[in-house]
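Thanks for coming. Please have the model open.

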Amino acid sequence: MTDGVNGIALGVFIFFFVAVTAMGFLAARWRRAESESLDEWGLGGRSFGTWVTWFLLGGDLYTAYTFVAVPAAIYAAGASGFFAVPYTILVYPLIFTFLPRLWSVSHKHGYVTTSDFVRGRFGSKSLSLAVAVTGILATMPYIALQLVGIQAVLDVMGVGGGDNTNWFIKDLPLLIAFAVLAAYTYSSGLRAPALIAFVKDGLIYLVIAVAIIYIPIKLGGFDDIFAKAGHALSQKGPTGAPRGALAPGEAGQWGYATLALGSALALFMYPHSITATLSSRSRNVIRRNTTILPLYSLMLGLLALLGFMAIAAGVKVDNGQLAIPQLFENMFPDWFTGVAFAAIGIGALVPAAIMSIAAANLFTRNIYKDFIKPNATPAQEMKVSKIVSLLVKVGALVFVLGMDKTVAINLQLLGGIWILQTMPALVGGLFTRWCHRWALLAGWAVGMVYGTAAAYGVASPTQAHFGGSSKEIPGIGEIGYIGLTAFVMNVVVTVVLTFVLRAFKAPEGIDETASSDYTVDAGDPGVKAELPPATAADAVH
């Protein structure tokens, strides 16, 4: 790590940071809101077209944590960290089947959150509350990890962390970044990250394009990179076992596959993914985006290779999250190091803003309005959501400053296990109302309890508990993703209890949606609605 402050890199970083800050505040004037409501502040007026939505979703899903953590996983354990690449390929055919339906029904009924839809579909505030609380819990550590990404960059530049004993001076740069993020998110809502996402994604594509050409040339080509990485990963780690491998062995293949599949199923259950989706102006915008978003998967595959490059370059760091920033510091000229660090820093601001808005919308719509003030006006909803978005970011900041970073990472892994348990209610509800609301709630509870308990029992070299997200699958013996195992248990409980509850004629709840609501492209009047034939499930409407 460089001694002292890298002044040139810091100057370039500050330039881009100031530029996006100005854009964040100016975003309030971009497509100025016609009214004060969550639709305007929290969803950008539901007015974004194909390209804005593409950049927004890309900025939302491919975060600073992705930029830092995916190649860091490769650096630490080899190709097993590549699971993020196939799961981002798997996810797009999956979301093509259900996101357009969610957009249509949400546009028709004014739903702002997934919990809004669950409440309307199943007539259950309890189930809606469960989905909302899960979304908020899963999002909080995710926001914290964006701040961890900023902190990693600041540490490598020499302006954060280090040996400074004054905690305020040490953390001042991160506090400033947080204050700026909080201010323009409060002022501009979703329009701020939507506008900044253009800069963020442009910088990331530029940095990866340069890195994937420039760094291999300096290291002697990919043959040498893979050879050095393979040799380093074959060395014994702290436990006496090999540190990793260029490709996962047979024993790790089931875990690799289940982690990729489970992560793909969970990605668009996160509130921030849905918030970015519902901000688009038409159903066809969502369809188009599912076909062009895989370009980000290509970027991610190239990005992951940086982990092997860090090994080949001899990067030595105690915290794996610093490996890629340190690689950039070692390999790039100072001015371009600043550009790369700006890409990571801005890559943290965009998703952190969207995540805080999504969590605030869940609280406002599905806790505050449903249980505290049912007659809240749209303006009051927006005011509450603004305040909660600030509190969410403050909580994430306190988490980052006060706790070990590995705790934040492990809680984010736990968040993925949790959020996957909302899938039966959300995605299942988009296609059928056969599942009983009480059965869905019971299945969610079983999945949450098992997933949390199983994750608690996983140890790592640095954590006695919550040390990972893979464990032996009960009755099978293979190591697999805990979230997927919990999800299967969730579905089994839901199906069995649905049969039981229907046999006893338990009250169904009122469905406020109709079958035609799921296919109408209300945001694009020129598109003819595709009305499906009536099904047996529609008989309960």
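Start with F82, which counts as buried because its relative accessibility is 17%. Buried means under 20% relative accessible area, exposed means over 50%, and partly exposed is in between, with a 1.4 Å probe and protein chains only. Before going on, the ground rules: this is a predicted model, where local features need pLDDT of at least 70, side-chain atom pairs count only at pLDDT 80 or more, and totals for chains, interfaces and linings use all residues. Residues are numbered from 1 along each chain as its sequence is written, and side-chain values use heavy atoms, with hydrogens and water left out.

What does F82 pair with? The structure holds 20 aromatic pairs, and in one of them F82 and F308 sit 6.1 Å centre to centre with 40 degrees between the planes, a tilted pair. For the terms: rings of Phe, Tyr and Trp (its six-membered ring) pair if their centres lie within 6.5 Å; planes under 30 degrees apart are stacked, over 60 edge-to-face, and the rest tilted. This pair links distant parts of the chain, 226 residues apart: F82 is in the loop between α4 (64-77) and α5 (84-109), and F308 is in helix α14 (residues 294-312). Helices here are DSSP runs (H or I, at least four residues), numbered from the N terminus. F308 is buried too, at 3% relative accessibility.

Next, F332 and F336. Their ring centres are 4.9 Å apart and their planes are at 85 degrees, so this pair is edge-to-face. F332 is buried at 5%, and F336 is buried at 7%.

There is also a cluster, in which ring pairs link W51, W54, F55, F198, Y205 and Y296.

Now the histidine. H272 lies in helix α12 (residues 271-278) and is buried, at 1% relative accessible area. What does H272 touch, leaving aside its neighbours within four places in sequence? The contacts are D60, Y142, I354, M355 and A358, where contact means heavy atoms within 4.5 Å.

Last, the surface. V488, V492, V496, V500 and F504 form a nonpolar patch with about 470 Å² of accessible area together. Accessible areas come from the Shrake-Rupley method with a 1.4 Å probe, and for residues only the protein chains shown count as cover. V496 lies in helix α21 (residues 482-503) and is partly exposed, at 47%.

Notes: Patch = residues over 30% accessible without salt bridge, like charges linked within 9 Å, V, L, I, M, F, W, Y side chains within 5 Å. Salt bridge = Lys/Arg side-chain N within 4 Å of Asp/Glu carboxyl O. Helix = DSSP H or I, 4+ residues; strand = E, 2+ residues; numbered from the N terminus.
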